[in-house]
Amino acid sequence: MTTVPTPHTPPAPAGTAATAGPAVSPAASPTPSPAAPSRRLSVVADQSPNPPAPAGCNSSSPSTDVPGEASRPWRKAAAAKAGADIRGEVLLTLAQLRLATPRQLKALLLPHQQGTDHVRRALRNLQGECPALVGRTHRAQQSYWYCTPAGLAEAAASGELAPTVGRTTGRRAAGKTGLREHGLALVDTVVAFHQSEVAEHADWRVEVAHPTPAGTLVPDGVVLLAGGSSAFVEIDRTMSYARLVAKLERYDAYRNAPASGRGNAARAPRSHWQETYAGPSLERPFPPVLFVFAPAPRRAAPTTREAVFHERARRVGSVNYRLTVATTTLPLLTHDRADGRVWRVVGNGHGEERRALAALPKAR
């Protein structure tokens, strides 16, 4: 897991990111702490395909030394795990990302496995608890899995998730086509970052409320990158250009918001973004805003929408100066991964050149 550096305290999510346009009710952004390695998910690994309901419908075990623990260093050892042994990790991932397919969960948790059998078994075990910890929706011969309220409570009790306000299940998103496809595109983006080791999937927070003078800003995702800095991520499938530019203007308002608080003798007052992302010495610039354009039926191709967005976004006040904005398409991102030359910077003088994430210009 990428450990959050001490100076960097990004806000906790207001929900997980599988909604399209509508966001959860804005709430103040509590400051999360890094996942506590000493706390382990209390879900017990059950080696039977269809575990009987525990006596009294108690889905937790008093023991913490169980195969179903949600310890994070799974990347190299994951291939040897059986389905029941990754129950905790599956539950935590669904609690973070709101919904996912077995294929996406396999890519994040068992990248060396050829099929999804282990992940599906873990999902069945979680669904077989009393009460069920996960649920699923079927559409077009595909299953979409999400945490139930009991599952969210179980994941939160593990201490592995940052504290949140208003964390919700993915049931509604799984049942509505637009919300579901938006959420799955976000998870595919998370997979691309995870596979390129730009950021662990555990270091994503979704729909985090940020206060601005122009109203609350709720990014689709905020990711803590491997180098310690952060980035905002926006997924677009069907949003109008006017709404995209309006959201970018909201980022501009957030970046330029005046300092709040009184400060003290050792430190001048800071704005919300400086307190949250800049570090104690203000050594980090404002996080880049990354737009990922995903395919959608009856819409222009992602590359076409990306080009039109560039023409309009460059007119926003701080872009290319105090605000670094870069774009890519989901097909390009999944093919060349997040660390490849897939990002195109918005602003005059950058042309059609695509850059690696590490080569993006820094905001001033």
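1. Confidence. This is a predicted model. The protein chain has a mean pLDDT of 78. Of its residues, 70% reach 70 or more. Two stretches call for caution. Over residues 1-9 the pLDDT is below 50, yet this stretch has 29 contacts in the model beyond near neighbours in sequence. Residues 12-40 also have pLDDT below 50. Beyond near neighbours in sequence, that stretch makes 104 contacts in the model.

2. Confidence by element. Strand S7 (residues 289-293) has the highest mean pLDDT among the elements of the protein chain, at 98. Helix H5 (residues 171-175) has the lowest, at 57.

3. The three-stranded sheet. The strand order is S1-S3-S2. The sheet is open and its pairing is antiparallel. Strands S1 (99-100) and S2 (134-139) are the edges, each pairing on one side only. Helix H3 (residues 117-127) packs on this sheet and touches S2 and S3. The direction of H3 makes about 120° with that of S2.

4. The S1-S3 pairing. Two bridges link S1 and strand S3 (residues 142-147) in the antiparallel sense.

5. Helix H4. Which residues of helix H4 (residues 149-157) are buried? They are Gly 151, Leu 152, Glu 154 and Ala 155. Seen down the axis of H4, the buried residues fall within an arc of 160°, so they line one face of the helix. These buried residues pack against helix H1 (87-97) and S3. Just after H4 comes Gly 159, with a positive phi of about 80°.

6. Main core. The largest nonpolar core has 52 residues. Val 90, Leu 94, Phe 193, Leu 290 and Trp 343 have the most contacts inside it. Helix H6 (residues 177-195) gives the largest share of this core, seven residues. Take Val 90 as a worked case, leaving aside its neighbours within four places in sequence. Its contacts are then Leu 105, Leu 109, Ala 122, Leu 123 and Leu 126.

7. Second core. A separate core has 24 residues. Phe 232, Phe 309, Ala 313 and Leu 323 are included in this second core.

8. Strand S6: buried or exposed? Strand S6 (residues 230-236) is mostly covered, with seven of its seven residues buried. In a regular strand, side chains alternate between the two faces of the sheet. In S6, Ser 230, Phe 232, Glu 234 and Asp 236 point one way. Ala 231, Val 233 and Ile 235 point the other way. Both sets are buried. Note that Glu 234 and Asp 236 are among the buried residues.

9. The S5-S6 hairpin. Strand S5 (residues 221-224) runs antiparallel to S6, and four bridges join them. Leu 224 stands opposite Ser 230 in S6. The two strands form a hairpin with five residues between them. In the turn, Gly 228 has a positive phi of about 105°.

10. The S6-S7 pairing. What is the sense of the pairing between S6 and S7? The two strands run parallel, joined by five bridges. Val 233 has Leu 290 in S7 as its bridge partner.

Notes. Residues numbered from 1 in each chain as written. Heavy atoms only, no water. Pairing = 2+ DSSP bridges. Contact = heavy atoms within 4.5 Å. Axes fitted to C-alpha atoms, helices over the stretch in contact; angles between N-to-C directions. pLDDT = per-residue confidence, 0-100. Buried < 20%, exposed > 50% of the residue type's maximum accessible area, 1.4 Å probe, protein only. Arc of directions from axis to C-beta. Core = buried A, V, L, I, M, F, W, Y, C linked by side-chain atoms within 4.5 Å.
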